[in-house]
Amino acid sequence: MQALVDRGERVLLSAFTNRAVDNALEALVEQGFDDVVRVGTESGVRDDMQEYRLERAGDPDERVAELRGARVVAATTATCGSRLMREQEFDVAVVDEAGQLTEPGTLAATNLADRFVLVGDHQQLPPVVRADEADVTDDAGAGNEDSPPPGASLSRSLFQRLIERYPDASVMLNRQYRMAQRIQAFAAREFYDGELRPATGEVAAQHPRDLPEVDVDALPAHLEDQVAFVDPDGHADGNTNPTEAATVAETVQAYRDAGVDPSDIGVIAPFRAQVAEIGKRVPDNVTVDTVDRFQGSSKEVIVISFVATGTLDSPIFEDYRRVNVALTRAKKALVLVGDAEALGTDETYGRMVEWAR
């Protein structure tokens, strides 16, 4: 982004969600760049990004002039289809998390620019086209989370299509700034041919002890490493596993007792029913959500509940991109909670268990 602006280009920064747009905008601001206008509603834009938001009230001509004068304009792809944005012209559109966007969604942004750069990861989850009816209406959470139906034409992103058709035009960004070396090791080997690596030694060496006021000596012995596997010998009841939920809550409490701020802890589960089960047992300021909804986010500490026991007989486990997303949300600590025997019935999950132990 900075290189494009330095060359005198006007840039559109876009992504599917407000969260992704604000995260990208935050990275720009941290690098000292502030010649940017954020287009979005007051409720949609993060509090700490409000100062960059285009105020819609007042003289319309002044608002348009403010927008046209910005070197960088940040907006979701949905907002790119608005009348205000359709009147804008850009030299380059940079679309983040493009692997999650439907082709029409991507085009809403790229059509506003002479050139475009798509940034994403087709080894993670594809666009959500629709949820099965059971996902929406079943209060028990019987359906798997918002995965698109097999064969849905829009579930293949423009990003993936272009990579497959023009592989020489793609560049792998193999330096990651999120995960400690220990945490990223399995995903790097399993999904990225071993090419993924921490960007710096500081990133590689991350540990919960780096967090303010955290006493790692207060953690149980099995949580002293950056990666841990816990088998609580639970039993799945539909798409819930109460024993695992209790173990997750105990794990969260262990990190809290060691001084980790609850807002730095995230919990991921494959089913909404298990999300609800865990949510009843942990503080409100601990983020608990499904894999699909956690994509694009990260936390200092991540705890994953796999729910299944005996076998992995749910279609939700068949798409390995889902586990890739879950395993790569953590920065400093990752705890896997599940039935080792069930996970071992699949070669990929079996290797994951061996790595985590």
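Phenylalanine 306 has a relative accessibility of 5% and therefore counts as buried, a term that denotes under 20% relative accessible area, with exposed meaning over 50% and partly exposed the range in between (1.4 Å probe, protein chains only). The model is a predicted one, in which local features need pLDDT of at least 70 and side-chain atom pairs count only at pLDDT 80 or more, whereas totals for chains, interfaces and linings use all residues. Residues are numbered from 1 along each chain as its sequence is written, and side-chain values use heavy atoms, with hydrogens and water left out.

Phenylalanine 306 forms an edge-to-face aromatic pair with tyrosine 349, at 6.5 Å centre to centre and with 85 degrees between the planes. Rings of Phe, Tyr and Trp (its six-membered ring) are taken to pair if their centres lie within 6.5 Å, and planes under 30 degrees apart count as stacked, over 60 as edge-to-face and the rest as tilted. This pair links distant parts of the chain, since phenylalanine 306 is placed in the loop between β11 and α13 and tyrosine 349 in helix α15 (residues 347-356), 43 residues apart; helices (H or I, at least four residues) and strands (E, at least two) are DSSP runs, numbered from the N terminus. Tyrosine 349, at 2% relative accessibility, likewise counts as buried.

The structure holds six aromatic pairs. In one of them, the ring centres of phenylalanine 271 and phenylalanine 317 are 6.4 Å apart and the planes stand at 80 degrees, so this pair is edge-to-face. Because phenylalanine 271 lies in the loop between β9 (265-269) and α11 (272-279) and phenylalanine 317 in the loop between β11 (299-305) and α13 (320-327), the pair ties together parts that are 46 residues apart in sequence. Both phenylalanine 271 and phenylalanine 317 are buried. Ring pairs join Phe271, Phe306, Phe317, Tyr320 and Tyr349 into a cluster.

Phe306 is also one of the residues that touch the most other members of the largest nonpolar core, which comprises 39 residues; such a core is a set of buried Ala, Val, Leu, Ile, Met, Phe, Trp, Tyr and Cys residues joined through side-chain atoms within 4.5 Å. Elements giving two or more residues to this core include β11, α13 and α15. Isoleucine 304 touches Ile268, Ala326, Leu327, Leu334, Val335, Leu336 and Val337, when residues up to four places away in sequence are not counted, contact meaning heavy atoms within 4.5 Å.

In helix α7 (residues 158-165), the buried residues include Leu158 and Phe159, and the buried residues of α7 pack against α5 (103-110), β5 (113-118) and α13.
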